[in-house]
Amino acid sequence: MTETLILLSHPDYATSRANRALAGAVATLPGVEVAHLEALCPDGRFDLEAEVARLLAARRIVLQFPVQWYSTPPLLKAWQDAVLTRMFYVKAEAEGARLAGRPLLVAATAGNRPEAYSAAGVNLYPLPELLRPLHATAHRCGLAWQAPFLLFNAKAASDGELASAGAAYRERLLALGQE
């Protein structure tokens, strides 16, 4: 059984310093599988059997992505629509119910500073508030929502700041489900 499944979505992963730093910091942890959706599904089509099996084999689930227009990247949203609809509406008893209680962590990167995510900032709301649809999804699916891991100022972060964020992410994953 995979201990921790990281579903990573980034439309331009090759140019992402922040998401690559985070994924690189945890990819070698025992029991961690990093599944990069854009690499697995370059045509945007999912192998539903494989995706369901991947989820059912995991004890903990992480959604890692850059925040884009207050949401997930398009392929992660399409993955949710296809996989979660099947698991929790079409085959709720046979598949979805088997995930009940598993921790779900969102690991999101944002290009702007933390203060931009406030009532006085350009984004109006704190980033955890903007992630509420994912919290609601976790609740609907019976997953144990965890406080998100957030990396702000991702585009301007120095190599040292990204290394520190990677180390913090690693520690967070090691503690995931133990909280």
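**Group meeting: fold, cavity, pocket and one histidine**

Good morning. From the N terminus on, the elements of the protein follow the order β-α-β-α-α-β-α-β-α-α-β-β-α, which amounts to seven helices and six strands. Helices (H or I, at least four residues) and strands (E, at least two) are DSSP runs, numbered from the N terminus.

The model is predicted: local features need pLDDT of at least 70, side-chain atom pairs count only at pLDDT 80 or more, and totals for chains, interfaces and linings use all residues. Residues are numbered from 1 along each chain as its sequence is written, and side-chain values use heavy atoms, with hydrogens and water left out.

I begin with the overall form. The C-alpha trace spans about 45 × 35 × 35 Å along its principal axes. Of the 179 residues, 46% count as buried, meaning under 20% relative accessible area with a 1.4 Å probe, protein chains only.

The structure holds one cavity of 30 Å³ or more; a cavity is a set of points on a 1 Å grid over the protein atoms alone where a 1.4 Å probe fits but cannot get out, and lining residues have an atom within 4 Å of a point. The largest cavity contains about 110 Å³ of space, a volume being the space filled by probe spheres set on grid points joined across faces, edges and corners. Its lining has 14 residues, with L63, W79, L84, L104 and L143 nearest the centre.

Which element gives the most to this lining? It is α4, with four residues. By class, the lining has 12 nonpolar, two polar and no charged residues. Ala, Val, Leu, Ile, Met, Phe, Trp, Tyr, Cys and Pro count as nonpolar, Asp, Glu, Lys and Arg as charged, and the others, Gly among them, as polar.

The largest pocket has a volume of about 440 Å³; a pocket is an open set with protein on both sides within 12 Å along at least five of seven lines. Of its 20 lining residues, P66, V67, A110, G111 and K155 lie nearest the centre. This lining divides into nine nonpolar, nine polar and two charged residues.

Finally, consider H10, in the loop between β1 (2-8) and α1 (17-26). Is H10 buried or exposed? H10 counts as buried because its relative accessibility is 11%. Its side chain reaches the backbone nitrogen of D12 at 3.0 Å. Thank you.

Definitions and conventions. Buried means under 20% relative accessible area, exposed over 50%, partly exposed in between (1.4 Å probe, protein chains only). A polar contact is a pair of N or O atoms within 3.5 Å; within protein, one must be able to donate a hydrogen and the other to accept it, and residues adjacent in sequence count only if both atoms are side-chain atoms.
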